[in-house]
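Subject: Structure handover

Hello,

I am passing a structure on to you, with notes on what was found in it. Please look through the sequence and the coordinates before reading further.

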Amino acid sequence: MKDLKQRLVDGDPIAHEPAMSDADVQAMRRAIVVEARRQPARSPMSSWPRPLALAAALAACLVLGISIGVRISDNAPVIVPSRASRPASDVRRQLQMTSPGGTRIIWTFHQEFDL
Amino acid sequence: MKAFRWLVTIVALAFAASAFAQTRPNGFSVILLLGETQGSGSSDALPPAPGVRKALNDVKDFLPYKSYRVVDSQWMRSGSTRMKGPDDQEYEVEVTDVDQMIPSPMRPKPGVLRVAFKLQDAGAAQNSSEEFGRSIQAAELEKQLQHDRALLPNAQGPMAEEQKTRIERLQKQLRLVRAKKLIDSQFEMEIGETVVVGTSKIGGGDKGLVVLLTSVAAGK
């Protein structure tokens, strides 16, 4: 009685096919060699600049992050008028305006201001 | 390959030049004025620099004050200093050229500075929790002050003198405890430009502190 493995081996169509002729094998080899030669050679640029490009991208991100951080610093009242977060006893408001003569005025109002 | 190396060299040189330019410190002229709605004080004590006078003339129509009195003026590099205010009050002034502190290739424009300006009472609280603690302390001192003031009319002779001294001492303590940050602002200014920075009570009040801040190029 044949077991399953034997049945599969017997039923494999490739096992009964004749082998490739020598000419076919050589033709296939030639086609592969020709295609391989057609590919452009790897330039040195493609190998070494990868880490450099990565480092440059990281540096650019860092510079961008610092610049944005500096511009949007908590201390920088960029919204006009702005209301700083202070204890209820000292409410602050800041206004920025420009006079017709071009002079800029940056004014801070305090709820409790005493001179 | 060669072009890439050239590009890297040029970028590196540009960064180096930018960093070198940013290391040259700029100077600042700080003029502290007291603006008052009463009186007829003039601004004759102002330095003769036309830019400063023009700036003050420009803003006079915007501000509610009739008179402006120069109380102190200083030249400074980036950093902090103390300035005298009215009634011998002392203020801490800090001017920072932000791009000099943190060199960045993303400067606003050539000849434009990013300036952080701070003005506070001498000894002001440095953070919110300290401010909160001081507000409680101020409330206690105010209670004591009211109590002592109420007792003053009944005091006689040496007792009255002692009571007055005590009130004065409490007032001084209260002023110290109430010391606070008055101006904390960041803005861009051109070299040679005068920016008017000021503070007053909400609604105007009858007095205000006005600062004429002028940036001066390095080496001038």
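Buried residues make up 17% of chain A, which has 115 residues; buried means under 20% relative accessible area, exposed over 50%, and partly exposed in between, with a 1.4 Å probe and protein chains only. The model is predicted: local features need pLDDT of at least 70, side-chain atom pairs count only at pLDDT 80 or more, and totals for chains, interfaces and linings use all residues. Residues are numbered from 1 along each chain as its sequence is written, chains are lettered from A and ligands numbered from 1 in the order in which they are written, and side-chain values use heavy atoms, with hydrogens and water left out.

Chain A
The secondary structure of chain A consists of four helices and three strands, where helices (H or I, at least four residues) and strands (E, at least two) are DSSP runs numbered from the N terminus. Along the sequence the pattern is α-α-α-α-β-β-β. Of the contacts in chain A with a separation of 6 or more, 0% are between residues 24 or more positions apart; a contact means heavy atoms within 4.5 Å. Chain A has an accessible surface of about 8900 Å², and 63% of this belongs to carbon and sulfur atoms. Accessible areas come from the Shrake-Rupley method with a 1.4 Å probe, and for residues only the protein chains shown count as cover.

Chain B
Chain B has five helices and eight strands, in the order α-β-α-β-β-β-α-β-α-α-β-β-β. Buried residues account for 43% of its 220 residues. Among contacts in chain B between residues at least 6 apart in sequence, 67% join residues at least 24 apart.

An open, antiparallel sheet in chain B is formed by four strands in the order E3-E4-E5-E6; two strands pair if DSSP finds at least two bridges between them. Its edge strands, each pairing on one side only, are E3 (79-84) and E6 (181-190) of chain B. Strand E5 (residues 112-121) of chain B is joined to E6(B) by nine bridges, and Leu119(B) has Ile183(B) as its bridge partner in E6(B). E6(B) is mostly covered, with eight of its 10 residues buried.

Val195(B)
Val195(B) lies in strand E7 (residues 194-201) of chain B. Why does Val195(B) count as buried? Val195(B) counts as buried because its relative accessibility is 0%. Its contacts, leaving out residues up to four places away in sequence, include Arg104(A) and Ile106(A), as well as Phe187(B) and Met189(B).

The largest pocket
The largest pocket has a volume of about 390 Å³. A pocket is an open set of points on a 1 Å grid over the protein atoms alone, with protein on both sides within 12 Å along at least five of seven lines, and lining residues have an atom within 4 Å of a point. Grid points are joined across faces, edges and corners, and the volume is the space filled by probe spheres set on the points.

Regards

Definitions and conventions: 1 Å grid on protein atoms, 1.4 Å probe; cavity = no way out; pocket = protein on both sides within 12 Å on 5 of 7 lines; lining within 4 Å.
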